[in-house]
Amino acid sequence: MRRDGIRVSVAVGTLGAAALGAAALADTATASNVAAGLGDQRDLEVPTWLYLLTGGAAIGASGLLAALVTDRTFVDAIHEWSVPLFGPRETRSTRRFSALLGRTVGVALFVAVVVVGLVGPPVPTANLAVLVTFVGVRSLLPIVAVLVVDPWPTVDPFRTIATAADAVVPDRLSDALEYPDRLRTWPAVAGLFALVWLELVLPITTDPEALALFALCYAGYAVAGALAFSPETWFRHGDPLAVLFRLYGSVAPIQRDDDGYRLVLPGSWLRRPDVVADSSEVAFVLLIVWELTFSGFVVTPPGARTIEAVVFAGVPPRGAYLLALCAGYALFLGGYLFAAAVARRTAPTYLTGRVLAVRFAPPLLAIAAGYHLAHYVAFSLNLAPALVDTVANPLAPPVNPTTLALPAWVGALEVATVVCGHLLAIWTAHATAFDRFPGRLQAIRSQYPFVVVMIWYTVCSLWILSLPASSPPFVA
Amino acid sequence: MDRRAFLRSTGAVAALGLAGCLERLGFEEQSAWRDPPLVEDRPDAVYVPASSEEMGVYGRATDWEYAVELSYTFPHRFWTVSGTDRSRVVVGADDTMHLMVTPWDAETDTVLPLEMRVDLLRDGERVASEFSPPWPMISQRMGFHYGNNVVLPEEGEYTARISVGPVSVRRTGELEDRFDSSATLEIEFVYDRSDVHDLEFVRIDPDRHGERDALSPMDHDAHDHGGQTDTDSHVAMELGPTPTSQGPPVEDLPGTVLGTDRSGDAKISAIEADRDRFTDGDGTYLAVTLRTPYNGVVLPFTALTATVERDGDAILDVEPLVETVDHAFGHHYGVGVDALEGGDEVTVSVDVPPGVARHDGYETAFFEFGDVEFTV
């Protein structure tokens, strides 16, 4: 299995990689890792076709097995099981305290990212800004959101700053605009799209100064959005990070509702109809799935060759990334919408394809969660010591950042997380179908096209995991 | 035990426990710079590496015989050479930085190959014994120097006690009768992480990676002195800038250049000079310089032989050349021979790779040497 690191490693690689890489330093899990410059490579011991076939077959077989579970009471019991974690009274004081603590930590880290990014060490693997952003926020927080509870509303510095700004700015200037309903969550889709592309084409993973400026720009954008409409609206529909974490958080075993926190079975809340509200959020979910695939793909040899081919055809490098991002996204989204349309007929049902697409989108979040773990667990573990060292001493961290070399079983863990994510998705889709359709056969038949799409996603993802990591061409 | 001591010790135990646990699971601490990317498809020749590092200077010292400069940069990878074997030294997780010493003759500004040991002292106690003896090494930006990655326990004041000499190779001209004994010079420095962070790490344009060329040597006048100054500022004034290890231009040497050729990608020049200044007897002194291409950095610690044939008869038969430092010729290899005549064929062989460690860009060159021939 391959995996990654910061090619800061690049830079660090050499020094980074040196540059982290040599730098640092020092590749994909995702582009960001690569950019950081660390990287190592493991060999797959079974033939790729067998490995891919096994993965795909496991998903298909689990679809069949799930189809055998037709007892609605049992399915409901699984998805409705929950235990309140705190009583209302503790919740109130705990909430107030944890909110205050979380906001303070979040804003302090944001300030640290900007300050250390501007004046700290230029080597990415020794710079708190790069490590907190890419190891902390980009890798670890979604892992926490998926495996424990969504921490972002508590720590989100952009929300804290925007809310404070909203309170200070005179009423006649703030909340001046009515958020157009028809915009739904599309601004966040566009925002995430921009983030994915900019992460690849801007030097923010290798140049702490660029990252600091980028963080400031993002904060400015968030404050502007929150002031123009209202913080609640903006962070519900417009802010890509807030939407991203909310969706990741819906997989978690700890969920928040009006009564406080509840312990639920992991992924069981994905059956709820309110997780994904409309088409724009379907697009967002598919973008998460595609983004993880894409950022893994461009740092593999076939991915690099694809980009190079587009560039040699005359497209400028940044345009080539944009083109590849759009084309692959269209393919992923199109495949899913097609499956939803086909499901109308296989079920059969009078529900429209759009309604089915919205209802069956949340299970894809389980797939995204699996991908995220696969792509970022190794990356996070690898750089965890460097992150701890820089947080302990932001302005003068150790000159020679420490990383963890990973044992071979981490590669197996990555494959396991991808497969588990897909199994959970199959089950959730099955449970959703039983929730939505009155007839058992109808529910099972509605799943056929979705299972096919999921097998396709799995095979893509496992294939990428089996490839060696390299640096993304032209932008490194 | 007070609360703080308790917390400290439990913290340490917890950290040890965690580290031990991670180790059992197969995790291993590594430097982020352990093995930075190498240029792909490296030629068996000097090439442009993927990156280079700026260096800072901690200070200089002299006893007016020997002079030394202590400089530092990020810890980095290099290759040691033993006979014809090359082995890669990767950056260890504990390495603090790369320390370098350049030794030279304070009078003639000739960089010297010599015996060296370096002790790093903290409050009078020795640390970082791995540093000694440092490797003689060559790098494109810095030329010939001595260096190694070192482990320092913490930030703070250190003393580098540098023992230099004697110069093990033959000395001639103004250097004759000098450098027979060793000297100990001390340079005090403050290790501050930010000084190292302030150094520039330069990524080379990927289009140039692997190109058959070398980065130009750094200008010793221009580089940053890392917040330190010579303990004695008149030392700096009188010593002048630290010399580079580039040999004097071959065409400026007092003698007749027989020719220059490349072998093992090194630049080999043969010069016919007056014998009496170098060895006993009448005739010619055959001086051979062995230097890196592009930058002309001297390549010490190797063995050369020469054969001179006149009308098919050897007047010099596979005779070893003696490694020498001279005030005018700098570092070279030489031997006395009967007066050369027009038509004489001079063949020079390099029998072992230069015994110097290599930084990126030099590690694939200077291994496979073919004979080079010059005609008088």
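Biologist: Is V119(A) buried or exposed?
Modeller: V119(A) counts as exposed, because its relative accessibility is 57% and the cut-off for exposed is over 50%. Keep in mind that this is a predicted model.

Biologist: Where is V119(A) found?
Modeller: In helix α5 of chain A. V119(A) also belongs to a nonpolar surface patch of about 590 Å².

Biologist: Which helix gives the largest share of the nonpolar patch?
Modeller: α5(A), with four residues. Both α5 (88–119) and α10 (208–228) of chain A supply at least two residues each.

Biologist: New topic. How many salt bridges over all chains?
Modeller: The structure holds 28. One of them joins the side chains of R271(A) and D76(A), at 2.8 Å from N to O.

Biologist: What does that pair tie together?
Modeller: Parts that are 195 residues apart in sequence, because R271(A) lies in the loop between β6 (260–264) and α13 (279–297) of chain A, while D76(A) is in helix α4 (residues 72–80) of chain A.

Biologist: And R271(A), buried or exposed?
Modeller: R271(A) is buried, with 7% relative accessible area. D76(A) is partly exposed at 27%. R271(A) also forms a salt bridge with E80(A), where the closest N and O atoms are 3.1 Å apart. E80(A) lies in helix α4 of chain A, so this pair links parts 191 residues apart in sequence. E80(A) counts as exposed, at 56% relative accessibility.

Biologist: Over to chain B. Which residues are linked in a network of salt bridges?
Modeller: E65(B), D105(B), E107(B) and R178(B).

Technical notes: Residues numbered from 1 in each chain as written. Chains lettered and ligands numbered in written order. Predicted model: local features only at pLDDT ≥ 70, side-chain atom pairs only at ≥ 80, totals over all residues. Heavy atoms only, no water. Patch = residues over 30% accessible without salt bridge, like charges linked within 9 Å, V, L, I, M, F, W, Y side chains within 5 Å. Areas by Shrake-Rupley, 256 points an atom, 1.4 Å probe, with all protein chains shown as cover. Salt bridge = Lys/Arg side-chain N within 4 Å of Asp/Glu carboxyl O. Buried < 20%, exposed > 50% of the residue type's maximum accessible area, 1.4 Å probe, protein only.
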